[in-house]
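Here are a few notes to read with the model open. Could you go through them in order?

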Amino acid sequence: EGEQSDYTFYEEMMAYMAHADFSIQGEYERDCQMIDMQSFIDNYATEIYIARHADWPGSNEALWRSREIQAGEFADGKWRWMLFDVNSGGISSGLSGVDTIQMTREASPMFRNLCRNDSFCKQFVVSFMDIANTCFRKQDVDAIITEYLAFMTEPMDIHRKRFSGMDDITHFIDAVDDIQIFFDNRRAHIVQYLKEDFGLVGSLVPVEIEINDSTAGNVMVNTAALTFGNERTWSGEYYTDFPITLTAYPREGY
């Protein structure tokens with residue numbers, strides 16, 4: 001959507017990404033002026049974690065930019081990525097052990113070239129673990145799947161009776177179970193591939209954060225805003241190759 005000049009600019013940007021030597025820091029810094037690197041990393045890390053393949057990357061990608069540069073967080077003219085069409089080629093028990101980091105390198109010249117830059121590799125590894133420790137934290141994923149199953153079982157039963165003539169909800173329950181199995185097994189595999197594919201030499205160690213008053217504010221680990229609620233502790237895991245950054249955000253009055 002937009003004007004032909006927008007698409008032309010996109011094509012020129014992608015052609016540059018496919019051939020630039022990002023091992024040269026100046027070239028990488030130029031790239032960071034064209035795209036929101038954190039947006040790109042968050043998108044690709046998420047797609048890789050859920051084992052997207054076959055029709056991604058290269059298709060089923062969506063990105064956007066502000067045409068005019070103005071004041072505001074997202075009005076800088078940089079390209080930003082969005083999750084798009086993730087209903088195939090991922091989140092299946094048979095894919096929990098697949099190395100989609102290597103598959104994505106092979107399929108995406110842009111990602112492959114960016115992985116030649118040390119700054120990008122550091123940011124990707126740290127951000128990947130941020131996402132693994134928050135968005136895909138087991139207790140949160142389990143709660144969402146349980147909630148979804150309770151909410152959708154009856155509507156899916158009605159749906160199958162109406163459009164398939166089947167008075168059997170087993171297929172739907174089995175499909176949700178398959179998603180559960182994927183997430184139960186995915187973390188161990190993909191975190192190990194992260195170590196191998198990025199040549200990490202450090203250890204995977206636990207990190208625990210404790211706060212004494214959950215009403216006083218919040219804490220971010222690198223790029224991830226943590227959720228404490230009534231709990232006072234949060235735990236995750238990070239590789240010791242790179243430092244982590246903690247940022248406290250006090251609420252007004254604290």
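**Notes on the predicted model**

1. Start with Phe-124: leaving aside residues up to four places away in sequence, Phe-124 touches Ile-41, Tyr-44, Ala-45, Ile-48, Phe-111, Leu-194 and Phe-198. Contact here means heavy atoms within 4.5 Å. This is a predicted model, where local features need pLDDT of at least 70, side-chain atom pairs count only at pLDDT 80 or more, and totals for chains, interfaces and linings use all residues. Residues are numbered from 1 along each chain as its sequence is written, and side-chain values use heavy atoms, with hydrogens and water left out.

2. Phe-124 and Phe-198 also turn up in the largest nonpolar core, which has 61 residues; Ile-35, Phe-40 and Phe-120 join them as the ones with the most contacts inside it. Such a core is a set of buried Ala, Val, Leu, Ile, Met, Phe, Trp, Tyr and Cys residues joined through side-chain atoms within 4.5 Å. Buried is under 20% relative accessible area, exposed over 50%, and partly exposed in between (1.4 Å probe, protein chains only).

3. Have a look at Thr-134, in the loop between α6 (118–133) and α7 (138–164). Helices (H or I, at least four residues) and strands (E, at least two) are DSSP runs, numbered from the N terminus. Thr-134 is buried, at 18% relative accessible area, and touches Asp-140, Ala-224, Leu-226 and Trp-234, not counting residues up to four places away in sequence.

4. Gly-217 sits in strand β4 (residues 217–221) and is buried at 14% relative accessibility. Not counting residues up to four places away in sequence, Gly-217 touches Tyr-249, Pro-250 and Arg-251.
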